[in-house]
Amino acid sequence: MSDNNSMLLEVRDLKTYFFLKKTLKAVDGVSFTLAKGRTMALVGESGAGKSVTCQSILRSVYPPGAIVGGNILWKGRDLVKLSAREMRNIRGDQIAMVFQNPLTSLNPLFTMGAQLSDAILAHRRVSKGKAKEIVLDALEKTGINEPEIMYNRYPCELNAGTIQQAMFGAAMLCEPELILADEVTSNLDILSQAKILITMKDIQKKWGLAFIMVTHDLGVATQIADDILVMYGGRCVEHTSMRELITHPLHPYTQALIGSVLEIEAPRMDVIKTIPGNPPDMYNPPNGCCFCLRCPQAGEVCSKRNPGLVVVSENHQCACFGVHKA
Amino acid sequence: MGRKELAEVLTKSRFGYFFRSIQFNNSMIVGGIIILILVVVAISAPCMAPYDPEDQDVANSLMPIMSMEGGSSDHILGTDALGRDLLSRLIFGLRTSLFIGFASVIIGVGFGTFIGLIAGYFGGWIDTLLMRLVDMQLAFPVLILAVIILTVAPPSIPTLLLVFSLALWPVYARVVRVWTIVEKQAEYVTAGRMVGASHLRVIFNYLCRVLVPLVAIIGTVDIATIIILEAILGFLGLGVQPPTPSWGNIIADGRIYITTAWWISFLPGLAIFVSVFSLNLFVDGLQEGTKLERIRK
Amino acid sequence: MNGSRKNYVEDPILEVIDLKKNFSVPGSLFRQRKVDIIDGISFTISPGETLGCVAQGGSGKSVLIRSIAYFDPPTSGRVIFMGQDLGLISKKKRRQIRSKMQIVFQDPYNCLHPKMTVEQNLLQPFIIHNQGTPQERHRRVAELLGIVGMSQDAKKLLPHQFSGGQRQRLNVARALALNPRLLLLDEPVSFLDVSIKGQILNLLLDLQRRFSLSYFFVANDLAALRQLSDRIAVMFGGQFMEIAPNELIYADPRHPYTRSLLNAIPSIKKGLSGFDLLAVAPTDRNNVQDRGCKFLPYCQKANNVCASSIPRMTEVKQGHFVACHLVSVRPQITSQ
């Protein structure tokens, strides 16, 4: 995609499996690169493996799950091979994560500001006053109005959107270079969601952060992503720039997904376009291509073998037997 | 019969909804088998015991265990000071202990659960009134209460049941009340009410279906507690009165002979240990078995 | 005062008049504060109509639904369902009538009794109301499963063995058991995957056509509401800010809140041409107004009038009602 110097993160054929009664292949061969200051969206339904991919990057996958294969190159170093201690230096400091549910991110018994200060005091030797300053600064960076007042509020008094902004602030405390945003807007109302998206764009412009945005909402992805990687059943089915994906989707799943997104401008339909069937049961994945049971273009070979990722054109990859190299 | 077949049989039984959610594991099976053996022995005590437990035979008193010097195969576990066969006494004592344990738990836990359900579901003045009753009960330390009651009234099995039930019910009332307050907000309760379910149905059909398995698991642990409590009271002379055997009073009898005929006090203690241990093992297995269902979700 | 088409002959199936609901919150030592959750909501729903309601989390939507269903009786105001004022009839009668009004909840994971099989769950309505012989009941259960598109194998399974979308179908099946006339839907698709959302919405549309159901559909997702609703009400701070027919809300939104909502929706087309949001989001709860317009702290166009009195619903166009001082003052506001 870009030259190696600005390549911040390179994931090669990542495989993360969960060893329960049956082996659950949560992530089964995902590859992508992320350059500095760019945003990539991981789009897919629940069970597609998006969150697990993020957790794998941060090495927070615990037994019964484990990374069984692949490399995660962060600025040249393979995160899969690092020790726990080395990983702790990277986690939170260079790569941070913001989670889905703002209401459970904070302890309800302490004020928001106190918790964020605690986070700083845990990593750096600064005075309490200095920690408070850093927190107020971070809250302002993420666009929260009146940070002084918000500092002393308890989580129950705050709107979910504000808490999420504060969590972005918390993520920024150590000035990371990459933030993993795991469905950060899914639990928010429309206006708070818009605010967070603006905040993210803002942070990126000012501080050159890279984002990996996990979402099931294509609309949200198109707002801020430069590149989109569509996941289904633990595998990557299409990976290209945002514009290319929206204008020329190649994979049947991507096409169906775009088609089923409800748009405001669309007229009322008698029957809403939707993808028939259910998301795959990851305990019993189908043979061959994981989408074949729901695919309108499924052929014979689709249920027998798994299509690999094919480079269709520069910057556009697709995993489908029906799509060939241009 | 393998694990799977056992599971199938139980699932199809009338209480299938309970068994359906259980994942059988080793603790549960081992503990369960031991308990089953104990229960069978207790029920069939008159058949199992070689002698009448109150049959005195002073000529043969203080005989040691069969394998020791001086023991005989007539009395496998020896005899006590009055020549009564220890094995028979232990078996009948088991019967007493298990009965008191199960009965107390059923009465005490049952009553406590009922109070907790009513208080939690209806709230308001009912809740306040019932919880003040609980507070009053809890203000009395169990053992002192037991001693008072048993000094005033003659220690008999019904009195003991009363004492133990009183000891058990308040904690269950509190815990069940909190659980009910949370669970009554669940959508399936609201949905049921929307369809027209009466309060009675919601409490005793919907809520109990979820609650009873939980309470049963926790309650089983208390059977062990009661067995120990009963032994303590028996040892103090406040439990089941001699000549009826109970593990507590057998230990008490054997106290003076502890240096010479140590087995008289030791064997009941061992019996208590085995019962309590197997109960705890079973409950641990049960807790693990039902927890798994939630993870699978 | 309802925005329905004037040529509708039939009586409305649901009429809510000035509904108010407040809760006592412990304030200082001996006094209790009253917090208004619902502060005067009125609307009607005609038979076969869908009234969509846009409500963000925390705006009181769940309380509204529970008040309409008379679960938590409203503090004041009237709810008239199928011609009966729910506040005036006996409890027994209310139970009977309420079976014609069912709620479909947001969280599919807790709506069916977790320890009862699907069949037992679906039989409940009939058992409670003592309807039908056992054979009739079983036949009806089989019928319901078919109506919502579930296979008959589902009967003996437990709820936790199904996916979210399937459970939502079962919820709908249970709601349909007693042949309701009105369904109150509390964000029924917001917890579902994108591809399943459409399926459930299609199911709801289909059921409405087949059984002439009326819906009160509360959701966060304006795009989904666009597909299902005949009219849309915009709720904020326990009041309706705007009620209008479906097309008008999107073509000509008048209230500043409605405008900012529509602006804030991330759409694929918008993403392609770059976007520029003027988003205004409610921040925290302590800024609730006692007098004046509820939207005042967040409104970019507010002036003095807005702080002094609560704006009333006025009919701006045929069937289009807005509660905003600025709209009443200037009859023709061009959309920006």
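1. A nonpolar core here means a set of buried Ala, Val, Leu, Ile, Met, Phe, Trp, Tyr and Cys residues joined through C-beta atoms within 7 Å. A residue is buried if 20 or more other C-beta atoms lie within 10 Å of its own, exposed if 12 or fewer, and partly exposed in between, with C-beta atoms placed from the backbone. In the largest such core, which holds 250 residues, the members that touch the most others are I212(A), V54(C), L184(C) and F216(C).

2. A word on the basis: this is a predicted model, in which local features need pLDDT of at least 70, side-chain atom pairs count only at pLDDT 80 or more, and totals for chains, interfaces and linings use all residues. Residues are numbered from 1 along each chain as its sequence is written, while chains are lettered from A and ligands numbered from 1 in the order in which they are written.

3. Back to the core: helix 5 of chain B (residues 86-122) supplies its largest share, 13 residues. (Helices, H or I of at least four residues, and strands, E of at least two, are DSSP runs numbered from the N terminus.) Domain 1 (14-100 + 178-329) and domain 2 (115-177) of chain C both contribute residues, so this core lies between them. The domain bounds come from an automatic or database domain assignment.

4. On chain C, 11 residues of domain 1 meet 12 residues of domain 2. Helix 6 of chain C (residues 194-211) gives the largest share of the domain 1 side, 4 residues. That side has 9 nonpolar, 2 polar and no charged residues, where Ala, Val, Leu, Ile, Met, Phe, Trp, Tyr, Cys and Pro count as nonpolar, Asp, Glu, Lys and Arg as charged, and the others, Gly among them, as polar.

5. Between chains, 43 residues of chain A are in contact with 40 residues of chain C. Helix 8 of chain A gives the most to the chain A side, with 7 residues. By class, the chain A side has 20 nonpolar, 13 polar and 10 charged residues.

6. Finally, strand 10 of chain C (residues 239-245) is mostly covered, with 6 of its 7 residues buried. Strand 10 runs antiparallel to strand 9 of chain C (residues 231-236), joined by 6 bridges; strands pair if DSSP finds at least two bridges between them. In their hairpin, G237(C) takes a positive phi near 55°.

How values were computed
Two residues are in contact if their C-beta atoms, placed from the backbone, lie within 7 Å.
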